[in-house]
Amino acid sequence: MSDVVEKTLTALPSLLSLDSQPGSTKLSSTSKLGTLIRGITELTSKHEEEKLIQRELVSIKEQVSSPNTSMRQMKELMVRAIYCEMLGYEASFSYIHAIKLAQQGTALEKRVGYLAVSLFLNESHELLLLLVNTVLKDLQSTNLIEVCMALTVVSQMFPKDMIPAILPLVEEKLNHPKEIIRRKAVLALYKFYLIAPNQVQHIHNKFRKALCDKDPGVMTASLHIYLQMIEENPEGYKDLAASFVTILKQVVGGKLPMDFNYHSVPAPWLQIQLLRILSLLGKNDPSTSEIMYEVLDESLRRAEINHNITYAILYECVKCIYTIDPKSDLLEKAAKCIGNFVLSPKINLKYLGLKALTYVVQQDPKLALQHQMTIIECLDHPDLIIKRETLEILFRITNAQNVTVIVDKMLEFLRINKDDYTTIDLVGKVAELAEKYAPDNEWFIETMSTVFSVGGDLMQPDIPNSFLKLLSEGFDSVEEDRKLRLFAVDSYVSLLQGEPGKLPQRFLQVISWVLGEYSFLREELEAATVLRLLAKLLDMKNTSSETKSWVLMAMTKLCERGAGVSVAQEVSETYSSSLDTVLRQRAQELQHLSRHSELRARVLPRDAGLEPLEVDSSLSFLDGFVSEALAAGAAPYKPPHQRQEELAQAKALSLEPYGLSLPISMSSCSIADRQSPTLLSISSGLSGESPDLSHKGGSSTLKLDGVKRLWGREGYLAQREPVEESARVEVPSPLRSPSQQGEADSSHSQTPIPTPEPEQEKQQLASSLFVGLSSQSSVCLMGKSEPTPQRFRRKAKSPGSSSSASEKTSNSLVSTPSTVDNLMCNNLLDSNITSELVVSSLEQTSQLSQGLAAANGTCDAELTDSDVKGSSPSLCGDNAVAAADPAPHEDPCKDLLLTSHLPAELSGLSHSEITPLCSNQSLDLSASHVQKEDSLVLVVFIYNSSDSDIQQILLELDSEEIEVSCVCDSAVQEASSHSVAVCQYSLTVKTPSVHVEVVGTVSYQFPAGTPQSLQFSYKLPLTCFIRPLTVSTEEYGTMWLDFSHDTKQNLTLISDGQEPLAATLNVLKKKLQLHVVEIIGMEGIVACRLLQDQPCLMHCRLNAGTLAVWLRSPVPALPDCLMYHCQRALQEH
Amino acid sequence: MMRFLLLFSRQGKLRLQKWFTPMTEREKKKITRDMTTMVLSRQPRSCNFLHWKDLKIIYKRYASLYFCLAIDNQENELIALEVIQRYVELLDKYFGNVCELDIIFNFEKAYFILDEFLIGGEIQETSKQMVNRSIEASDMLQEGDSSEWFEVELFG
C-alpha cells in the first residue's frame, strides 16, 4: 500500500465519524461519556464520585431497558457502562444488553457489543450461552469483518460445552483464502485446545497444515499450539525438530518479509517461540540436540544490535543451550553471553543475567565464581528485586561451608521484606538449607528460631512439623540428639522469659511442644518453672485457642509432682469451663492426669518420641464393632472411589465395559517425587550407615577457620594473583577448553578495581560465600556423587534394616544383566570382604590367620582375572552366565558346569544368570532362580573347591518377606572334592516389597575339623513373582470393585511410532509378564497375579501425553511395588 | 502466557484492564489495588520487573501512564517489556502522538487495538501495518455497508 493511500485511510475514520458519530473519536469529549469523565475529574472526594456514578448507572439502566432506545444509542450506553465497571462499580444489568447488541446491531455496533461481552463476562458466565447463536451466525457471514469479530471473541472466551457446536465452522476457516481469517481460526483452536484438549484431538493433522502455511503469520500462530503440545509430550513431536530448525534458520537469516521486523530484528516473537520449542525437544536427547547446534550458534552470532529485543532473544538462546544436550563450544559462548548480561550497567539486563546464572549455576558452578564480585554488589543493591534474585543464586550454590553466611544474608533480607509471598518462599528455603547443612546445634536452633519468628504464621505448616519430627526422631548419635534437644530447651526457656508476646503463634506451639517433651533433659530446671512460663502464655490475650491447647498438652506432660501440680490444677480449673470444647477437653485431661501420676506415666511415658508408634492401619480393633453393625443391618462400607463410581453409574448410562471413571485429579499427581514406600525405607536404611557422622558434626567449628586458611584457593580469587592461576588449573573441567579459560580470565580482569577499603570487606564476603564451590564443581563435573557432610541425616526408619545393612556379610545383588561387567569387579571385592568378615566373626582359632592370608592372596589374583573378563563382555554370552568367578584356578567353564547341575525338571526352563553368593578357600556358593508357571525355584550350587570331601553341609534360608520351603529331600548334603551339591527351594512372597531378599547360612564340616559357616544373601526383584492373570473383561470388572488397596500415578508413555498405549502396554507385558485384558480406545486394562494367587489389576488411560495408571489389589503393598517396577520398566525402555 | 494487562495513571486511576484468564470481580479488584501500590511505590532506577505471587509483573511508564503486564513465571521478561512497547507504538500510530487523554476518552479504541495485537494472552500479530489495517477497516464499517472496497485494502 502506498503512503498516500495509507495516510488517507488513517485520516478517513475521523472524518467519517465526524459526520455520523460525534461520540466515538477524538472529539468524543463532547459526548455523554466525555461529560461523565470530565465530571469525575472535577470531583474532589471518593464519596462524590460514588454518588455521580450511581446516578449515571441509574440513567443508563433506564435507557437500556427502554424499548425506544436504538442500537446506536445502545452502543454509546455500553461504552459508558464499560467505563463505570472499570472504575469498580457493578453494572451487571447491562450484560444481557451487551449480548443483544452483539446479536442485533450492525457491524459497527456489533463490535462494541462483542467488546462489552468480552470485558463483562468470563467463560463460565451463564449468559455466555446466549452468545453461541450469534457467533454461529457471524462465523457464516459473508462479511469478513464479522467473521473476524466472531473468531476474536471465540478465542477470548467461549463456553467449553458449546465448542462442538462451532468447531466445524472454525475448522473450515483453516482453509479460508484470507490469511487473517486462517490466523484467527488457528488461535481459536489454540484456545479450544487449552480449555478442552479432547475436543480438538481429531484435527491434529490440520495443525500440521497450519504449521506449513505459506503465510508466516498463520505459521507463527500455530506455534502456540505446538509449544503447548510439546510441553506435554516432547516425545511425540521429535520428527518436527528438523522443521523447526529450518524455520528458525530462515527467520534468523532474514528471509521473512520486512513487515515482521521489530526494530530491525526479524520476527523476534517467532524466534523466541521456536527457541522454546527447540529446548523442549532437545532436552536429554543428544541426537535431536545435534541438529540444533548450528542454528543456535548462528542466533548467538546474529544478535548484535544493542537493543532490548536482541537481549530477549539472546537470553532465550542461552537458556536453550543450557537445556539441551551440552556442546562445549556453545556453552562457552553462552557463558560469555551471560557475562555480558551480568556486567551490563542496565539494570534490567543485570536482572536477567542473575536469572540466567541461577538457571545454569547447578551445571556450571564456576560461572558463579567468575561473577562473584557482581553477585556481591547485587546483594547490596537498593532494588529488592535484584537482591532477591541474587539470593536465589546463593541458594543454589549453598554447601556445608558457606551455609552460615548465605543463611545470614537470607535472614537479613527477610527482615526488610514486606511481601508475604516472598517471605513464605524464602523462609522455606532457609529451613531447607538449615536442615541440610547446619554446622552445629546452636546455629541450627537459632536459625530455626529466626525462621519461626520471621516466617510467623504465614509459613508453610510443614516447616514446624518437619522441625519437630527431626527433633523427635533424632539422628544416629544419641548423644548428639540429647545435646540438640537440650539446646532447644535452653533457648526456648530464655525466649519465654523474655517477651513471648511478640512471638508468632506457630512458634509458641513449637516451643510448647519441645518444652513438654524435653525439658526434663535439663535437670536443674524444675518442671514447675516451665509450667509457670507456659501458664503465662495462656494469660496473654493474643494467644490463639489452638496455641492454648498446645500449651495445655505440654503442661499435661510436665505436671509430675510438687509445685507443678498446683499450677496445673489452677490452670485446669480456669479452662475446664471454657466455651471452646477442645480447650475444655485438654483442661479436663490436665486435671485428671495431674492428679493420678501413675496413670499419667502410662499415658504419657517420658521421652516417648523415640519409640516408634505402632499404628494398626487395618483398624482391626474395629472389627467387632463393624460386624455388630452389619448384623444390625448397616450398609457395608465402600471406599470413596467406589462410591463415586456408583454415583457416576447411577447418573448416566455407562458405555464402558465396567464402571470406571478416573477422576480428573489423577493427572495432577506428580510422578517425580513419588516412590514406593518400600523403596524409600531401603534407601534410608543405606544412608543410615555413616559411622563418622558425629565426628563430622564435632569438627564443624573448624570449618570457618578453614575458610581463612584456604583464602584465595576456594574463596575469593584475587585478581592477577598467581594463586588464581594455580587454583584454576587445579580444577579439572572437562567441559571447558583451555582457550576458553583464558577468555574467562580476561573477562574477569576487566572488572574495574574499586577503592580498596570497602573492597576488602567485599572480598572477605566473597571468600565466605563462594567457598567450596570450585571443589564442588569438579566433583559434579566428574560425575561422582557429592560427598557433602549432611549433618541432620534422617535416621533410618526401621532399625532392623540399617543394622542388617552393615552386618550383612554378603554381596547383595540386584541382577541387572546390563551392568554385569561392572558388577563383576564389585562383587569380587565384596566377596572378599565377606569372607574376611565371616572368618573373623566366627572366631576361628588356628585357621584364622592362615585363612585371612589365603583370602587376601586370592583376592589379588581374582581382581586381575576379573578385569580381563570385565573388559570383554562378549564372554558373558546371551544368558550371561559368566558372572564373577571367585576361584581363579578353576577352569573358565565352571558356569557351564554349574548349569549342567541344574535339576533335570528345571533344565528345560529358562533360569537367571548364575550369581556367585559367597566363597572362602573351601566352598564356593552360587545361585540362580528359575521361574516356573506357578512358583519360583531358587537353586543354590555349593561347589567344594578344596581337596578334601566336605560333610554335613546344612543350608538354612530365611527372609522377612518370603516364605521359603525346601524342595530337596534332605537339607543336609555332602560334597566330595571338586564337585557340586545342589539345593532347591521354592519361594513364595509373604509381604510384597520392591526387592525381596533371602539371607542364608551354610554350615559345613570337614571330616576332621571344626564346624564352619558362611553367610550370604540373595536379592530378587518382585517381578520374578509376577505372573500373567487371564481374566475376561467382565471378571475384571467385578474384581476391580472388590479390591481395596490402590495407588495411582502418571507414567511416561512410550511411542515408537505406533499407537502409544499399545506400545507401552506391550513393553510392560514383555518385561513384567502382565496380561493385557483389553484395550478400549484410550484406555487399557491389564491383570497379573503375585504367586500364589494374589491378583493385581491395572487400569491405564492416556491422559495429556502421559499414561495415567491405577493399580488395585487385595494385597496391601503390592500396588505400590508394582507401580515402581512399571515405572522402572518404562524408564529403562 | 500473559495473564492480565492494566493501564493506570500516576494517581492510581485505572485506564484500561484486560484479563486473559477468568477471574472473579474480587480478585480483579485486589490485583488492581496491589498492582497500583506496588508499581507506584517503585524507586527510580529500579528494574522494570516485580514478583507477585507466582507471576512476574512487567511495568513501564510512558509520561503519566503506567503499563503493567503480568506473565507466567517461565516467560521472558524482556520480550514482555517489548510487548508493552509495541502496544504503545500501535496506539501512537492510530491516535497520532498518543497521550493519556486519548486513551481515557477513546478507551474502546484502545481495546480494539489490543484485541488485534494480543489474543487470549498470546501475541496475535506483531506487524504494525497489519494491526492498523484491520482496525481501520473495522472503523469504517457503516450501517448496511457491504464493505467490499476496503476489504480489498485489508485482505488484499
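A nonpolar patch on the surface of the predicted model is formed by Leu619(A), Phe621(A), Leu622(A), Phe625(A), Val626(A) and Leu630(A), which together have about 590 Å² of accessible area. Patches are made of residues with over 30% relative accessible area and no salt bridge, nonpolar side chains (Val, Leu, Ile, Met, Phe, Trp, Tyr) being joined within 5 Å and like charges within 9 Å; areas come from the Shrake-Rupley method with a 1.4 Å probe, and for residues only the protein chains shown count as cover. Val626(A) is located in helix 34 (residues 623-631) of chain A, and its relative accessibility of 40% counts as partly exposed (buried means under 20%, exposed over 50%, partly exposed in between). Thr390(A), in helix 22 (residues 384-396) of chain A, is buried at 0% relative accessibility. Leaving aside neighbours within four places in sequence, Thr390(A) is in contact (heavy atoms within 4.5 Å) with Leu354(A), Ile375(A), Cys378(A) and Leu379(A).

Chain A has 50 helices and 17 strands, taken as DSSP runs numbered from the N terminus (helices H or I, at least four residues; strands E, at least two). An open sheet of 5 strands in chain A shows antiparallel pairing in the order 3-4-5-9-7, where pairing requires at least two DSSP bridges between two strands. Strand 3 (915-919) and strand 7 (962-966) are the edge strands, each pairing on one side only. Strand 5 (residues 936-944) and strand 9 (residues 980-989) of chain A are joined in the antiparallel sense over 8 bridges, with Leu987(A) of strand 9 as the bridge partner of Leu936(A).

Over all chains, the structure holds 41 salt bridges (a side-chain nitrogen of Lys or Arg within 4 Å of a carboxyl oxygen of Asp or Glu). One of them links the side chains of Arg276(A) and Glu75(B) at 3.4 Å, N to O. Arg276(A) lies in helix 14 (residues 268-282) of chain A and Glu75(B) in the loop between strand 5 (65-71) and helix 2 (77-95) of chain B, so this pair joins two chains. Both residues are buried. In chain B, Lys18(B) and Asp115(B) form a salt bridge whose closest N and O atoms are 3.0 Å apart. Because Lys18(B) lies in strand 2 (residues 14-19) and Asp115(B) in helix 4 (residues 107-117), the pair ties together parts 97 residues apart in sequence.

Residues are numbered from 1 along each chain as its sequence is written, and chains are lettered from A and ligands numbered from 1 in the order in which they are written. Local features need pLDDT of at least 70 and side-chain atom pairs count only at pLDDT 80 or more, while totals for chains, interfaces and linings use all residues; side-chain values use heavy atoms, with hydrogens and water left out.

Note on methods: Buried < 20%, exposed > 50% of the residue type's maximum accessible area, 1.4 Å probe, protein only.
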